[in-house]
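Please look at the sequence and the 3D structure below before reading on.

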Amino acid sequence: MTLPDELLAFLWRATPDAWVRQALAHPEELLIDHANCEKKAASTALNLMFRYIDKPELLQKMSRLAREELRHFEQVIALMSKRGVAYRGLSASHYAQRLREHVRTVEPGRLVDTLIVGAFIEARSCERFAKLAPHLDAELGDFYRSLLKSEARHYQDYLKLARDYADEPIDERIAFFAAIEAQAIIEDDAEFRFHSGAVESAA
């Protein structure tokens, strides 16, 4: 599946090839952290549902998103079990933190920024699945390709909600986070993670 042009344009920088090499060199960490990412994505959606109970469209879209992310989590866990990879704790990458530290604290800016950040996380995940898939074994490559459609829709849902709930145009705010996100994926990270930067010396 070819990624939508709008998604590729949304991300100002493509994932470096160095990150792909790191992923292939750390197959267990890739799967474990992928599972963690799916679980965190479901948690984010549920948190938004509890925080913004007065927004029907958000409740509907986040409910569906949470179900899909948990289903993906289950699928990754099943793949790990089949491959003899034990689910264990991993430290989180700094990627999401680097984005979320810029979220405004006053509404509606807080909600809008949170949704924009969600859009970038989903778009980057989609882009990395697509970039990795050709280099993986058939089973894992097919699985990652199967996630592209839903991940692309999640990015679109987050972005649409951000526009709907903003009280002003948000193109400048999107560009602000696009620049931060583009820098975040090349920042130095001590260990490989699904959203880590591309550092050749990563452990």
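The points below are grouped by topic.

This is a predicted model, in which local features need pLDDT of at least 70, side-chain atom pairs count only at pLDDT 80 or more, and totals for chains, interfaces and linings use all residues. Residues are numbered from 1 along each chain as its sequence is written, and side-chain values use heavy atoms, with hydrogens and water left out. Helices (DSSP runs of H or I, at least four residues) are numbered from the N terminus.

**The nonpolar core**

- A nonpolar core is a set of buried Ala, Val, Leu, Ile, Met, Phe, Trp, Tyr and Cys residues joined through side-chain atoms within 4.5 Å; buried means under 20% relative accessible area, exposed over 50%, and partly exposed in between, with a 1.4 Å probe and protein chains only.
- The largest such core has 64 residues, and Phe10, Met62, Leu132 and Tyr144 touch the most other members.
- At least two residues of this core come from each of H1, helix H2 (17-25), helix H3 (27-51), helix H4 (56-82), H5, H6, H7 and H8.
- Leaving aside residues up to four places away in sequence, Phe10 touches Ala119, Phe120, Ala123, Tyr155, Leu159, Ile174 and Ala178, where contact means heavy atoms within 4.5 Å.
- In soluble globular proteins, nonpolar side chains tend to be buried together.

**Helix H8**

- Helix H8 covers residues 171-184 and has 14 residues.
- From first C-alpha to last, H8 reaches 20 Å, close to the 20 Å expected at 1.5 Å a residue; the expected span is 1.5 Å times one less than the number of residues.
- The buried residues of H8 include Arg173, Ile174, Phe177 and Ala178.
- Their cover includes helix H1 (5-10), helix H5 (95-100), helix H6 (109-132) and helix H7 (138-165).

**Helix pairs**

- The axes of H6 and H7 come within 8 Å and cross at roughly 160°; axes are lines fitted to C-alpha atoms, for helices over the stretch in contact, and angles run from 0 to 180 degrees between N-to-C directions.
- H6 and H7 are therefore roughly antiparallel to each other, a label for angles over 145 degrees.
- The axes of H3 and H6 come within 12 Å and cross at roughly 155°, which makes H3 roughly antiparallel to H6.
- Residues making the H3 and H6 contact include Leu30, His34 and Glu38 of H3 and Arg110, Leu111 and Thr114 of H6.

**Gln60**

- Gln60 lies in helix H4 and counts as exposed because its relative accessibility is 60%.
- Gln60 and Met49 are eleven residues apart in sequence and 8.7 Å apart in space, C-alpha to C-alpha.

How values were computed. Parallel < 35°, antiparallel > 145°, perpendicular 65-115°, else oblique.
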